[in-house]
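Here is a structure to read with a few plain questions. Each answer sets a value against its definition.

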Amino acid sequence: MTACIDYDNTIVDWDEKFLTGAKEAIRHFKEKGWTVFICSGRYDLAEISKKLTRNDVPFDEIYHKPRSDVFIDDRAIRFTNWASVKGGAIALAEQSKKTSEWIKEQKENRYKVKDEKEIEPE
Ligand SMILES: [Mg+2]
């Protein structure tokens with residue numbers, strides 16, 4: 001599983017203090033074997049890397065994200081607090097895993113030779 005986690009106001013607040021449960025949730029994801037990407041609209045990603053490393057918060061990579069007022073994504077969870085988001089992320093990851101398996105199956109079926117009767121018009 002993979003998680004892409006926003007930094008400001010999700011991992012740390014505007015005073016640079018870790019939000020309650022953020023460190024623990026990220027450690028939990030890593031303990032489960034997840035790949036954790038941190039994303040931020042900040043210019044200086046090195047500062048984020050230092051802060052996370054100094055506080056024993058594991059991650060795999062940090063990426064710039066575009067600055068936007070709204071993010072529209074079919075695999076997103078609206079962050080409110082870590083107590084509610086952590087369980088939701090795990091449930092969404094399980095759903096995503098099933099969806100990925102279904103997509104893989106569909107792609108495999110796409111390359112099978114089909115009887116003409118099986119091909120339905122759109
Ligand atoms: Mg943010």
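Helices (H or I, at least four residues) and strands (E, at least two) are DSSP runs, numbered from the N terminus. By that rule, the chain has 3 helices and 3 strands. This is a predicted model, in which local features need pLDDT of at least 70, side-chain atom pairs count only at pLDDT 80 or more, and totals for chains, interfaces and linings use all residues. Residues are numbered from 1 along each chain as its sequence is written.

Q: What is the order of the elements from the N terminus on?
A: The elements run β-α-β-α-β-α.

Q: How do you know whether the chain is spread out or a compact globule?
A: Compare two values. The radius of gyration is taken over C-alpha atoms, and the globule rule is 2.2 Å times the number of residues to the power 0.38. For 122 residues the rule gives 14 Å, but the chain has 19 Å, well over that, so the chain is more spread out than a compact globule. Along its principal axes, the C-alpha trace spans about 65 × 30 × 25 Å.

Q: Why do strand 1 and strand 2 count as paired?
A: Two strands pair if DSSP finds at least two bridges between them. Strand 1 and strand 2 (residues 35-40) have 5 bridges, in the parallel sense, so they meet the rule. Ile 5 stands opposite Ile 38 in strand 2. Ala 3 has Val 36 as its bridge partner there.

Q: How many bridges join strand 2 to strand 3?
A: There are 4, and the two strands run parallel. Cys 39 stands opposite Tyr 63 in strand 3.

Q: What makes strand 1 and strand 3 the edges of the sheet?
A: The 3 strands form an open sheet in the order 1-2-3, with parallel pairing. Strand 1 (2-6) and strand 3 each have a single partner strand, so one side of each is left without a neighbour in the sheet. The twist averages 30° from one strand to the next.

Q: Which residues form the covered face of strand 2, and which the uncovered one?
A: Val 36, Ile 38 and Ser 40 are on the covered face. Thr 35, Phe 37 and Cys 39 are on the uncovered one.

Q: Why is the crossover from strand 1 to strand 2 called right-handed?
A: A crossover is right-handed if, with the strands pointing away from the viewer, the path from the first strand over the helix to the second runs clockwise. The chain crosses from strand 1 through helix 1 (residues 22-31) to strand 2, and this β-α-β crossover is right-handed. Strand 2, helix 2 and strand 3 also make a right-handed β-α-β unit.

Q: What makes a nonpolar core, and which residues touch the most other members of the largest one?
A: A nonpolar core is a set of buried Ala, Val, Leu, Ile, Met, Phe, Trp, Tyr and Cys residues joined through C-beta atoms within 7 Å. The largest has 14 residues, and Ala 22, Ala 25, Ile 26, Phe 29 and Val 36 touch the most other members. Helix 1, strand 2, helix 2 and helix 3 each supply at least two residues of this core. Helix 1 gives the largest share, 4 residues.

Q: Why is Ile 72 called exposed?
A: A residue is buried if 20 or more other C-beta atoms lie within 10 Å of its own, exposed if 12 or fewer, and partly exposed in between, with C-beta atoms placed from the backbone. Ile 72 has 6 such neighbours, so it counts as exposed. Ile 72 lies in the loop between strand 3 (61-64) and helix 3 (82-110). Buried residues make up 12% of the 122 residues in the chain.

Q: What makes the phi of Asn 9 worth a look?
A: Most residues other than glycine have a negative phi. Asn 9 is not a glycine, yet its phi is positive, about 65°. Asn 9 lies in the loop between strand 1 and helix 1. With 10 other C-beta atoms within 10 Å, Asn 9 is exposed.

Q: Where does Asp 56 lie, and how do you know whether it is buried or exposed?
A: Asp 56 lies in the loop between helix 2 and strand 3. Asp 56 has 9 C-beta neighbours inside 10 Å, so it counts as exposed. Its phi is also positive, near 55°, in a residue other than glycine.

Note on methods. Axes fitted to C-alpha atoms, helices over the stretch in contact; angles between N-to-C directions.
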